[in-house]
Amino acid sequence: MTVRRRIGTVLLLAVLAAGRPALAGNGDRAFVLDNGLRVFLHEKRGLPLLHVVTAFNVGAKDESEATSGLVHLLEHCLLFRGSPGRPGAEVAAGLRRHGAYFNAHTGPDLSVFEISLPAEHAAFALRNQRDVLFGLELDQAALDEEKEVILEEITRMEDDPERAAADLVLRELFAGHPYGRSAYGRREVVRTATAETVLGFYNRYYAADNCALAVVGDFEAAAMERSVREIFGPLPSTGFRAESLPAAAGLKKSVTRRIERDVEDGYLYLAFAAPDYNHPDQYAVALLVEILGRGINPLLPGFLRRERESVQTVGMAYLANRLGGAVVVSIKASPKDLPYLERAAVSSLRQARNESYSKKDFQGDQALLAYDHLESAKLQIGLAAARAEDLGLQLAGAMVRHMLLNAREDPPSYIEEIGRVDSGDLRQAAAKYFSRGEFAVVSVVPARGSK
């Protein structure tokens with residue numbers, strides 16, 4: 001998954017997955033196979049569709065400087081190279097024949113593979129995931145073809161000012177930590193990778209006991225459980241043990257980077273350290289991001305547009321990774337205004353610790369006239385959760401993410417925890433995460449000599 005798409009979708013995943021899954025009798029089932037594969041089943045009747053999402057607990061965090069890019073390479077090899085007895089062309093033909101959508105995403109924590117198709121083809125979907133993901137065979141010629149695709153993707157990312165800035169600002173925020181490696185990978189590693197090296201990496205991480213599977217759609221839970229056990233149960237357990245990785249520590253001092261590109265507009269990205277996937281502060285930070293940069297009447301875009309007319313877009317997102325989170329602000333404006341907008345945005349975020357977010361912060365007639373940012377944000381997050389749950393593929397993706405990233409024995413309901421946040425909690429979170437002074441900044445400006 002590209003960094004931009006990850007920034008754009010992570011809130012929906014967090015809303016659905018950060019809290020305890022809501023089990024509903026026979027309609028939802030969660031279990032672990034003898035080989036260690038974690039499974040979640042959710043009946044979603046009404047539309048004759050099925051969504052199967054499989055995720056491995058491997059991402060950029062598990063790479064080194066010598067292997068940075070192998071997860072991205074394997075994403076492509078697993079999608080397009082087929083399995084023993086089923087070459088890639090045959091797999092693609094089968095997907096078309098069954099009306100299936102098949103895709104994958106690579107991120108800092110996980111590698112995710114998803115398939116959606118008519119529910120009548122459930123057996124095909126399950127067997128396709130098993131065969132393609134757990135039976136990779138790879139020769140050097142096939143790998144070299146995928147390497148060219150990956151190298152072209154890296155080039156396109158670097159040529160896209162927004163994608164390049166989004167990728168770099170997170171690398172700078174997490175510099176020195178495993179998250180400081182780009183999910184795209186290093187050119188030199190991709191260019192020189194051998195089939196032996198890639199298969200060695202694959203055999204270590206792409207195992208049943210390092211995997212989660214979610215199935216959402218029009219099926220009967222007991223029958224689906226039998227199918228999952230029959231198809232995935234024979235996979236071997238490898239005794240996989242994840243390497244212990246440190247939590248992200250945050251920056252000791254702010255970092256500023258400037259990129260020159262053939263552009264007319266300017267692009268500014270700011271990133272602040274934020275709570276991780278399991279931290280209790282996540283609820284207040286999610287609401288702050290909704291209030292400041294995402295909701296119906298977000299505060300930061302309005303403030304910046306009043307400061308400079310050249311502001312075209314302002315975005316804000318919260319990324320809750322397993323080992324550390326990030327809040328990212330993106331601004332598109334005239335290049336000459338970027339230095340001022342950087343200072344203005346940072347000043348506004350620091351002031352967030354003193355803001356009044358709820359009607360309860362006012363008295364008398366002031367309370368009647370005040371806009372309740374907190375309640376509006378809670379409503380928007382609730383609506384986002386409801387909309388996303390209607391999309392079975394997003395729900396399945398959220399559940400595999402939860403199964404692999406959750407470290408709490410009894411995680412609370414996300415929406416219930418959101419409901420408990422008050423205005424004081426928001427101010428405390430703003431002081432903790434936006435007022436430290438350490439952040440990463442990346443600006444993209446026109447190259448010298450360009451028109």
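Author: At the start of helix α17, a side-chain oxygen of Asp422 comes to within 3.1 Å of the backbone nitrogen of Gly424. This is a polar contact, defined as a pair of N or O atoms within 3.5 Å; within protein, one atom must be able to donate a hydrogen and the other to accept it, and residues adjacent in sequence count only if both atoms are side-chain atoms. The model is predicted: local features need pLDDT of at least 70, side-chain atom pairs count only at pLDDT 80 or more, and totals for chains, interfaces and linings use all residues. Residues are numbered from 1 along each chain as its sequence is written, and side-chain values use heavy atoms, with hydrogens and water left out.

Helices (H or I, at least four residues) and strands (E, at least two) are DSSP runs, numbered from the N terminus. Helix α17 has twelve residues, 423–434, and should span 16 Å at 1.5 Å a residue; its end C-alpha atoms are 16 Å apart, which agrees. The expected span is 1.5 Å times one less than the number of residues.

Which residues of α17 are buried? They are Ser423, Leu426, Ala429, Ala430, Tyr433 and Phe434. These residues cover an arc of only 120° around the axis, which puts them on the same side of α17; the arc is that of the directions from the helix axis to the C-beta atoms. Buried means under 20% relative accessible area, exposed over 50%, and partly exposed in between (1.4 Å probe, protein chains only). The buried residues of α17 pack against β10 (266–274), α10 (282–294), β11 (313–320), β12 (325–333), α12 (338–351) and α14 (373–390). Contact here means heavy atoms within 4.5 Å.

Leaving aside neighbours within four places in sequence, Leu304 is in contact with Val311, Val314, Ile331, Leu341, Ala344 and Ala345. In soluble globular proteins, nonpolar side chains tend to be buried together.

Phe113 leads on to the aromatic residues. A search of the whole structure finds eleven aromatic pairs. One of them joins Phe56 and Phe113 edge-to-face, at 6.2 Å centre to centre and with 80° between the planes. Rings of Phe, Tyr and Trp (its six-membered ring) pair if their centres lie within 6.5 Å; planes under 30 degrees apart count as stacked, over 60 as edge-to-face and the rest as tilted. Phe56 lies in strand β3 (residues 49–56) and Phe113 in strand β7 (residues 111–118), so the pair ties together parts that are 57 residues apart in sequence.

The loop between β3 and α2 (70–80) holds Asp62, which counts as buried at 15% relative accessibility. The side chain of Asp62 reaches the backbone nitrogen of Gly59 at 2.9 Å.
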